[in-house]
Amino acid sequence: MSNCNSCPSKGTCGKSEDSCGIQNNVNNKIKHVIGVMSGKGGVGKSSMSVLLAKALADMGYQVGIMDADITGPSIPRLMGLEREKAYGTNDAIQPVIDKDGIKVMSLNFLMEDENQPVVWRGPIVGNAVRQFWTDVIWGELDYLLIDMPPGTGDVALTVLQNIPVNGVVMVSTPQPMVSMIVSKAINMCHQVEVPVLGVIENMSYVVCPDCGKRIEIFQQKNTEDFLKENNLELWAELPMTPSINMIHQDDNFDSETAKEMKAWIQPAAEKLVEKFK
Ligand SMILES: Nc1ncnc2c1ncn2[C@@H]1O[C@H](COP(=O)(O)OP(=O)(O)OP(=O)(O)O)[C@@H](O)[C@H]1O
């Protein structure tokens, strides 16, 4: 049964206790639940979830990532945890914990073979996501980041209505087609009364390897209009770069590549922390 007193969204949620579909988990003491969403597939939502988690962990926070992209789970590989398995105890599931202490849950941790497709209908996928909230022993966390499925369909709705999400970080790329679809996701959040906190623009530009000049690759870049129309703030801009492919190799933001990635995502991590001060 839902109970507002033990809910992390207490005080920031518009739902009444009677109408709330959220089931709490006594094993969860999570201060902030944050969705990382885009509406459009392939814009780098999972990569941004991982970078954000690493930046928050680096700032000393206890962090978890829930891979709610059930049919296309990429978090285990992006975290370098693709060989790990999650184990159950009675009716609870232990998340996988990486070297930084980031707790991770993904359907791939429960699959024998990560290459096997999950051929499930929407309600079953929705149940899996719900269980990632109700049955996983997340323990104490400052931030649980939810890597949302692409689109504004069934599963995204299940996350927003069945998990006490405090706010959503939108990931976009500077293309009119993408911002139109991301705007749909923003409006979906408004409809279910989940605040959209800020925007990360990925693949924003490229840096010339010879002269270091910033090159705008998308000529009809419409970031300012998009932000203005949706009354949102740009939290971070990341270039299109092969460094992102190294994301899984460095746990502590130690290597030069990782330091570079940290510098790009850090403003977003700081903005997020600031939002909940
Ligand atoms: N800034 C970037 N520069 C270069 N490649 C990137 C960048 N961001 C993401 N990618 C690459 O784009 C691909 C998609 O990234 P990612 O899986 O993070 O996107 P997604 O939005 O979560 O996708 P999906 O819709 O499948 O959930 C990956 O191969 C990733 O390495």
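**Around the ligand and into the core**

With 26 C-beta neighbours inside 10 Å, S46 counts as buried, the cut-offs being 20 or more other C-beta atoms within 10 Å of a residue's own for buried, 12 or fewer for exposed, and partly exposed in between, with C-beta atoms placed from the backbone. A word on the ground rules: residues are numbered from 1 along each chain as its sequence is written. This is a predicted model, where local features need pLDDT of at least 70 and side-chain atom pairs count only at pLDDT 80 or more, while totals for chains, interfaces and linings use all residues.

So where does S46 sit? S46 belongs to helix α1; helices (H or I, at least four residues) and strands (E, at least two) are DSSP runs, numbered from the N terminus. Neighbours within four places in sequence aside, S46 is in contact with D69, S74, I75, L78 and D147, where contact puts the two C-beta atoms, placed from the backbone, within 7 Å.

Now compare G42. It lies in the loop between β1 (28-37) and α1 (45-58), and G42 is exposed because it has 12 other C-beta atoms within 10 Å. UniProt, in an unreviewed entry, puts the feature "binding site" at G39, K40, G41, G42, V43, G44, K45 and S46; its positions follow the numbering used here, feature names are shortened, and annotations may be inferred rather than shown by experiment.

The ligand has 19 residues around it, and G41, G44, K45, S46 and S47 come nearest; a residue is near if its C-beta atom, placed from the backbone, lies within 6 Å of the molecule. That shell splits into six nonpolar, eleven polar and two charged residues. Here Ala, Val, Leu, Ile, Met, Phe, Trp, Tyr, Cys and Pro count as nonpolar, Asp, Glu, Lys and Arg as charged, and the others, Gly among them, as polar.

On to the core. The largest nonpolar core has 72 residues, of which V36, L52, L145, I146, V159 and M170 touch the most other members; such a core is a set of buried Ala, Val, Leu, Ile, Met, Phe, Trp, Tyr and Cys residues joined through C-beta atoms within 7 Å. Helix α1 supplies the largest share of this core, eight residues. Beyond four places in sequence, L145 contacts I34, V36, S49, L52, A53, V63 and I65.

As for the whole, the protein chain has seven helices and twelve strands, and buried residues make up 43% of its 277 residues. The predictor gives the complex an ipTM of 0.97 and a pTM of 0.90.
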